Amino acid sequence: MDFDFYLSTMWSVLKALPLTLEIWFFGIAFGLVIATGLTWLRASGYKSGEYFTRAYVFIFRGSPLLVQLYLIYFGLSQFDFVRHSPILWPILRDPMYCTIVAMALNTAAYESEIFRGALRAVPVGQIEAAKAFGMSAFTRFRIVTLPIALRLALPAYSTEIILMTKATALASVVTIMEMMGTAQKIQHDTFRPIEVLTCAGVIYLLLNLSIARLFAWVEYALSPHLRPAPDRSQQIKPVPEVL
Amino acid sequence: MEFLNSLLEQMSTAYDLLAAGWGVQLLWGIGWTLAVTSVSMVIGAVLGSLVAAAKLSHRARLRFLGESYTTVFRGEPELLIIYLFYYGGTQVLTGVARSTGSIGPTDIVNMPSFLGGVLAVGIISGAYQAEVFRGSFLAIHRGELEAARAYGMSAWLRFRLVIMPQVLRLAVPGLGNVWQLTIKDSALISVTGVAELMLTANKAARSTHHSLLFYTVAGILYLVMTSISTPIFDRAERYTSRSFTRPK
């Protein structure tokens with residue numbers, strides 16, 4: 001056992017954690033914006049909106065993220081108008097932005113389905129009660145439908161976020177030196193893949209476990225009214241397992 | 001008009017390239033992708049049922065092992081697992097060969113890329129299949145297990161006549177999802193050099209400089225594969241649950 005090697009590898013990979021988190025965060029943030037748009041389009045009732053979102057979800061869920069990433073990074077630059085565009089070219093020639101765009105487009109497809117399911121799962125009685133109170137459509141959405149739907153979407157959303165953490169590793173195939181890329185480089189330099197990849201694996205696993213814990217905690221905090229009465233709660237695990 | 005002309009031109013180049021042999025190559029790529037996916041699914045089914053059994057076991061240690069398996073292999077990036085099996089396999093094989101003296105001290109024994117890739121994807125697929133099998137087992141009515149026990153059936157007989165047929169029936173929709181996931185994961189083993197669809201598209205894109213064309217074609221072919229499997233699994237689901245449909 002060579003502890004110095006493990007420690008120095010751990011440290012080098014950890015130094016790349018901020019970059020991984022950067023890709024992760026922006027991918028999720030832009031993905032959330034696109035997913036909200038898609039969900040709105042789907043729920044708007046326009047037939048064309050529904051067809052568009054269906055096609056979008058079909059395409060982005062049906063093909064591997066790697067293909068989407070290559071298509072955006074290598075494929076789009078073939079268009080002359082992309083290369084000459086002052087807005088598109090700075091984004092599409094940078095592998096970092098390309099990864100973020102690919103991840104955002106991909107996760108938006110999954111998330112819009114999650115949100116659609118959550119909106120449909122809001123009990124009709126709650127919406128009827130809100131109507132009976134004379135709430136306007138906007139108030140109804142803001143204080144009844146949305147909070148309930150968000151809570152219902154949380155478990156599936158946390159799974160999607162964990163899938164995104166795993167997807168950041170793909171950035172390494174387009175030359176980004178995030179955690180996976182760094183691990184790859186150390187592995188090529190030292191030819192000790194098992195040790196190096198185990199170190200990287202431990203970090204990824206801890207990252208994902210903490211994300212899962214965090215979401216479990218948020219879920220717990222958001223559903224006090226669904227928990228059993230205090231005297232019976234001893235027999236029940238307070239934090240549900242997510243991962 | 002200019003746009004239309006350029007589009008037509010693009011399409012004729014596309015046709016020329018595909019007819020010049022890349023089309024056949026891509027078809028072979030599909031074959032390899034399906035082979036990788038099927039073999040991985042089989043490995044995953046074996047591992048998945050063992051892990052599901054471990055997770056449902058009465059022994060705390062086995063349960064812990066099963067839990068760790070599913071947590072680790074669903075929580076790690078797929079790429080990392082694939083690298084681990086491919087490069088790690090090379091490390092182990094080389095170490096063994098060097099210590100037995102069958103190769104020189106500077107030679108390397110490479111992990112066969114198909115084997116490494118299939119093992120990695122199969123183990124990941126096994127983690128997801130374990131969850132599917134566990135869910136299906138828990139959905140079996142308790143009374144049926146108790147009835148089987150009351151009849152004096154042995155554990156094996158109970159498994160063969162009561163548990164297995166029902167788990168298989170209930171698992172079909174979940175296995176369909178895992179199959180789709182495994183098809184998409186199989187694209188990642190292009191990094192180890194298995195000539196499946198993704199790597200073929202890569203080679204074509206690099207050597208012809210028509211990356212847009214070949215990645216689009218690859219994307220469409222993946223879509224075709226995933227969308228064809230949906231009705232097949234739907235049909236399998238209808239077939240396996242044919243005695244459970246409600247009369248209209």
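# Helices in chains A and B

Visitor: In chain A, what share of the contacts with a separation of 6 or more comes from residues 24 or more positions apart?
Guide: 72% of them. Two residues are in contact if their C-beta atoms, placed from the backbone, lie within 7 Å.

Visitor: What kind of model is this?
Guide: A predicted one: local features need pLDDT of at least 70, side-chain atom pairs count only at pLDDT 80 or more, and totals for chains, interfaces and linings use all residues. Residues are numbered from 1 along each chain as its sequence is written, while chains are lettered from A and ligands numbered from 1 in the order in which they are written.

Visitor: How many helices and strands are in chain A?
Guide: Eleven helices and zero strands. Both are DSSP runs numbered from the N terminus: helices are H or I with at least four residues, strands are E with at least two.

Visitor: And what does the C-alpha trace of chain A span?
Guide: About 70 × 60 × 25 Å along its principal axes. Of the 243 residues in chain A, 35% are buried. Buried means 20 or more other C-beta atoms within 10 Å of the residue's own, with C-beta atoms placed from the backbone.

Visitor: How do α10(A) and α11(A) cross?
Guide: Helix α10 (residues 179–190) and helix α11 (residues 193–222) of chain A have axes that come within 9 Å and cross at roughly 165°. So α10(A) is roughly antiparallel to α11(A), a label for angles over 145 degrees. Axes are lines fitted to C-alpha atoms, for helices over the stretch in contact, and angles run from 0 to 180 degrees between N-to-C directions.

Visitor: Which residues meet there?
Guide: From α10(A), they include M179(A), A183(A) and I186(A); from α11(A), they include P193(A), V196(A) and L197(A). By class, this contact has nine nonpolar, two polar and no charged residues. Nonpolar covers Ala, Val, Leu, Ile, Met, Phe, Trp, Tyr, Cys and Pro; charged covers Asp, Glu, Lys and Arg; the others, Gly among them, are polar.

Visitor: New topic. How many residues does each chain bring to the contact between A and B?
Guide: Chain B brings 29 and chain A brings 30. On the side of chain B that touches chain A, α8(B) gives the most, with ten residues. That side has 17 nonpolar, nine polar and three charged residues.

Visitor: Which residues of α2(B) are buried?
Guide: G66(B), Y69(B), T70(B), F73(B) and G75(B) are.

Notes. A residue is buried if 20 or more other C-beta atoms lie within 10 Å of its own, exposed if 12 or fewer, and partly exposed in between; C-beta atoms are placed from the backbone. Angles under 35 degrees count as roughly parallel, over 145 as roughly antiparallel, 65 to 115 as roughly perpendicular and the rest as oblique.
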